[in-house]
Amino acid sequence: MGVIRRNFDYIGSPVLAGLFAVLFVLESKFQLRRRVQNRWKRVKVNAQVAVPSFALLRFIFLPLMVKLASRNQHICTRLGYFLPSHLLRQILAFFFLDYTNYLWHILNHKIPLLWRFHLVHHIDKDLDLTTAFRFHFGELIGSIFYRGAFTYLSGATPLTVIIYEIAFEAATEFHHSNTRLPLQLEQTLNKVMVTPRMHGIHHSVNKCETNSNFSVIFSFWDRLHGTLNLNVNQDDLIIGVAEYPGADKFKASELLMMPLMKG
Ligand SMILES: [Zn+2]
């Protein structure tokens, strides 16, 4: 698995750590939404929830996706087989992976069993950079089968899979951050990619607002399917899930047990 070490560990991880540092400073200096919880307490809880997911991502999820990608190269029917150039096939595979993740995000909201796990991410009563890492490891386990199948069908090479994963993590850091970008800059970026104001609306306690803005990297999947909503003032947003007004009291251990405990 040298491809993971060379590209994810030596290049992707430092890039993601650098982006984290920049966004952490930016969201401290240019805050978008008012905080309702103590920032450092949340850093601690969200980091603890993130540790098992990180380990799973690096040592099980990524090796599995890379293995599937290395096997799919012989299939004549794979996506993009008709395209003449290798580069074009990989660009198509990259878009395809992002589109299937848009659909996977919707399934996480619509299927009760998946929502139990995705809920741990959504009940955070503030939305910032640390929320980007607050994913229950069970959500990642569930996604292995779905994302594995589409990685196999996409015709992506192991390198494309790694590049997509780095882009996925970078976009997740960016759109969860509580950074107030100049409105015009955000509107321009949002024509192509998911931005902090756009994703903030997805984390609203208002169900109609939660059921919008499911895209991960590219914003056009929401535009295409009519699930885009940009018409909410960030000052009016209440972040979290209405049924969990006391979610700020949960410890990391309680959050990790939550999907197994609930009804
Ligand atoms: Zn969601």
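Helices here are DSSP runs of H or I with at least four residues, strands are runs of E with at least two, and both are numbered from the N terminus. Residues are numbered from 1 along each chain as its sequence is written. The model is predicted, so local features need pLDDT of at least 70 and side-chain atom pairs count only at pLDDT 80 or more, while totals for chains, interfaces and linings use all residues, and side-chain values use heavy atoms, without hydrogens and water.

Ser-212 sits in the loop between helix H9 (207-210) and helix H10 (220-225). With a relative accessible area of 4%, Ser-212 is buried; that word stands for under 20% relative accessible area, exposed for over 50% and partly exposed for what lies in between, with a 1.4 Å probe and protein chains only. Leaving aside residues up to four places away in sequence, Ser-212 touches Ile-201, His-202, Thr-227 and Asn-229, where contact means heavy atoms within 4.5 Å.

The zinc ion has as protein donors the NE2 atoms of His-105, His-109, His-118, His-122 and His-202, lying 2.2 Å from it. Donors are N, O and S atoms within 2.8 Å of the metal (3.2 Å for Na, K and Ca), and sites may look incomplete because water is not among the atoms. Along the sequence the donor residues follow the spacing H-x3-H-x8-H-x3-H-x79-H. His-105 in helix H3 (residues 86-110) and His-202 in helix H8 (residues 196-202) link distant parts of the chain, 97 residues apart. Both His-105 and His-202 are buried.

Two of the zinc donors, His-118 and His-122, are among the buried residues of H4, together with Leu-114, Trp-115, Phe-117, Leu-119, Val-120 and His-121. H4 is mostly covered, with eight of its eleven residues buried. An α-helix has 3.6 residues a turn, so residues three or four places apart point the same way.

The next topic is charge pairing. Side chains of opposite charge can pair when their charged atoms come close. A salt bridge is counted when a side-chain nitrogen of Lys or Arg lies within 4 Å of a carboxyl oxygen of Asp or Glu, and the whole structure holds twelve of them. One of these joins Asp-248 and Lys-125, at 3.7 Å from N to O. Asp-248 lies in the loop between H10 and helix H11 (252-261), and Lys-125 in the loop between helix H4 (112-122) and helix H5 (137-154), so the pair ties together parts that are 123 residues apart in sequence. Lys-125 counts as partly exposed because its relative accessibility is 23%.

Glu-165 and Arg-147 form another salt bridge, at 2.8 Å from N to O. Glu-165 belongs to helix H6 (residues 158-176) and Arg-147 to helix H5, so this pair ties together parts 18 residues apart in sequence. Glu-165 is buried at 2% relative accessibility, and Arg-147 is buried at 11%.

The side chains of Arg-35 and Glu-27 also meet in a salt bridge, at 4.0 Å from N to O. Arg-35 and Glu-27 are buried. Both residues belong to a network of salt bridges that also links Arg-39, Arg-42, Asp-124, Asp-128 and Arg-134.

Aromatic side chains make up a further set of contacts. Rings of Phe, Tyr and Trp (its six-membered ring) pair if their centres lie within 6.5 Å; planes under 30 degrees apart count as stacked, over 60 as edge-to-face and the rest as tilted. The count by this rule is 17 aromatic pairs. Phe-24 and Trp-40 form a tilted pair, 5.8 Å centre to centre with 55° between the planes. Phe-24 in helix H1 and Trp-40 in helix H2 (residues 39-71) are 16 residues apart. Phe-24 is buried, at 18% relative accessible area, whereas Trp-40 is exposed, at 56%.

The ring centres of Phe-94 and Tyr-164 are 5.2 Å apart and their planes stand at 75°, so this pair is edge-to-face. The pair links Phe-94 in helix H3 with Tyr-164 in helix H6, 70 residues apart. Phe-94 and Tyr-164 are buried. They belong to one aromatic cluster, whose members also include Phe-95, Tyr-99, Tyr-102, Phe-168, Phe-214, Phe-218, Phe-220 and Trp-221.
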